[in-house]
Amino acid sequence: MMAEVGAGGPRLAELLALGRRLWDELEASTEPSSGASAVQDKVRQGLDALQRAAAMVAQLELFSENEELEEVASADLKFMLLPALLGGLTLKQVDLSRRREHLESAREHFLRFLKLCRNYGLGSFQLPPSTPGEEKAESPLPPQDPTQPNLLAMAMSRTAKIERYKQKKELENKLASMSSSVESGTADEDQIREFYILQIQKWINTSLEEIESIDQELVILRSRDAARQVRELSWDPTGPRGPSRPARTPLKPFILTRDAAQARVFGAGYPGLPTMTVDDWYEQRRKQGIVSQQGFGEPGSPSCPSPPAGASDEELQKQQQETKEEEDDEEALRKARDWDDWKDTHPRGYGNRHNMG
């Protein structure tokens with residue numbers, strides 16, 4: 001089948017060769033970062049060339065589900081690698097804001113390549129599910145306790161990885177020994193056909209490994225995106241939230257005094273700060289709704305219990321006297337503690353020796 005399209009433009013073989021060359025250069029690159037502009041320029045050029053080549057292959061209908069591998073021309077076998085190369089270059093893009101999109105796109109390319117190979121009977125492998133997370137219908141396993149690790153599945157996966165690694169090394173050695181004769185044009189058709197089939201088999205192993213890695217990364221990214229959506233929803237001011245608390249009026253600085261007499265004394269000469277008695281302060285806070293009716297200092301509060309109903313004036317005076325004595329005792333105790341604290345930091349004779357030569 002003739003694998004060329006259109007005069008005046010790049011031929012299909014040239015586009016594939018350009019994409020392969022850029023892929024090889026990227027794989028052998030010594031750039032310290034894959035995000036370097038030179039690296040990403042090659043990634044974009046390679047993707048453009050391979051995408052154009054894939055469009056030509058689809059237009060030419062080089063591959064069909066109704067034909068066997070023997071019906072495909074040896075020179076056309078290399079074009080089966082287009083989806084795999086597209087997947088590999090797609091993964092080399094480093095735009096973090098589109099990482100999930102790139103992973104899903106690369107997975108589709110690898111899966112398309114594997115399906116094409118499976119259709120032509122190339123390689124013996126189990127096809128991954130079309131969507132990450134789906135169960136593989138082709139690998140029935142015995143019932144397993146969901147709380148226990150699936151040891152059989154783990155063993156099968158480990159065995160498959162070891163086998164793929166061995167095959168990959170063998171294929172690389174064979175390809176290295178055949179590449180010089182194929183590239184120089186001295187190889188016959190059978191050697192060329194075997195060389196391209198070996199390349200396809202090598203990329204089958206690579207595609208299976210990449211899909212497994214992509215699925216693991218997608219799980220992490222989806223979990224992260226879900227957690228971010230929950231945080232954004234919980235902090236969204238227009239979202240479904242409970243009633244907001246009323247904003248409190250900011251307090252201005254003032255001097256708190258015991259009674260009106262102290263308020264007059266502290267107010268004189270200190271015009272910068274207003275004065276307020278405890279009763280005034282309490283009344284202001286009560287109006288703002290910060291202190292309840294049963295707050296500190298009110299009859300019935302813990303600090304000022306209500307007198308029993310029907311109590312006489314003498315009993316009321318006695319109760320007030322007892323309350324006053326308790327407050328005096330607490331004041332005396334506080335002063336004694338302050339005096340002890342002061343003596344701990346000021347030794348005896350401290351004032352007499354101060355500023356003496």
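This is a predicted model: local features need pLDDT of at least 70, side-chain atom pairs count only at pLDDT 80 or more; totals for chains, interfaces and linings use all residues.
His102 sits in helix H4, residues 99–119. Is His102 buried or exposed? Its relative accessibility is 4%, so His102 counts as buried. Now show what surrounds it. Leaving out residues up to four places away in sequence, His102 touches Thr90, Gln93 and Asp95.

Next, the helix pair H1 and H2. Select residues 12–27 for H1 and residues 37–60 for H2. The two helices pack at an angle of about 150°, and their axes are 8 Å apart. H1 is therefore roughly antiparallel to H2. Their crossing is left-handed.

On H1, pick Leu12, Leu15, Leu16, Leu18, Gly19, Leu22, Glu25 and Leu26. On H2, the partners include Val39, Val43, Gly46, Ala49, Leu50, Ala53, Met56, Val57 and Leu60. Lys42, Gln45 and Arg52 of H2 also belong to this contact. Colour by class: the contact of H1 with H2 has 14 nonpolar, 3 polar and 3 charged residues.

How many aromatic pairs does a search of the whole structure find? The search finds 3. Select one of them, Trp23 with Trp203. The pair is tilted, at 5.4 Å centre to centre and 55° between the planes. Trp23 lies in H1, while Trp203 lies in helix H6, residues 189–235. The pair therefore ties together parts that are 180 residues apart in sequence. Switch to a surface view to finish: Trp23 is buried, and Trp203 is buried too.

Terms used. Residues are numbered from 1 along each chain as its sequence is written. Side-chain values use heavy atoms; hydrogens and water are left out. Axes are lines fitted to C-alpha atoms, for helices over the stretch in contact, and angles run from 0 to 180 degrees between N-to-C directions. Helices (H or I, at least four residues) and strands (E, at least two) are DSSP runs, numbered from the N terminus. Angles under 35 degrees count as roughly parallel, over 145 as roughly antiparallel, 65 to 115 as roughly perpendicular and the rest as oblique. A crossing is left-handed if the near helix is turned anticlockwise from the far one by less than a right angle, and right-handed if clockwise. Contact means heavy atoms within 4.5 Å. Ala, Val, Leu, Ile, Met, Phe, Trp, Tyr, Cys and Pro count as nonpolar, Asp, Glu, Lys and Arg as charged, and the others, Gly among them, as polar. Rings of Phe, Tyr and Trp (its six-membered ring) pair if their centres lie within 6.5 Å; planes under 30 degrees apart count as stacked, over 60 as edge-to-face and the rest as tilted. Buried means under 20% relative accessible area, exposed over 50%, partly exposed in between (1.4 Å probe, protein chains only).
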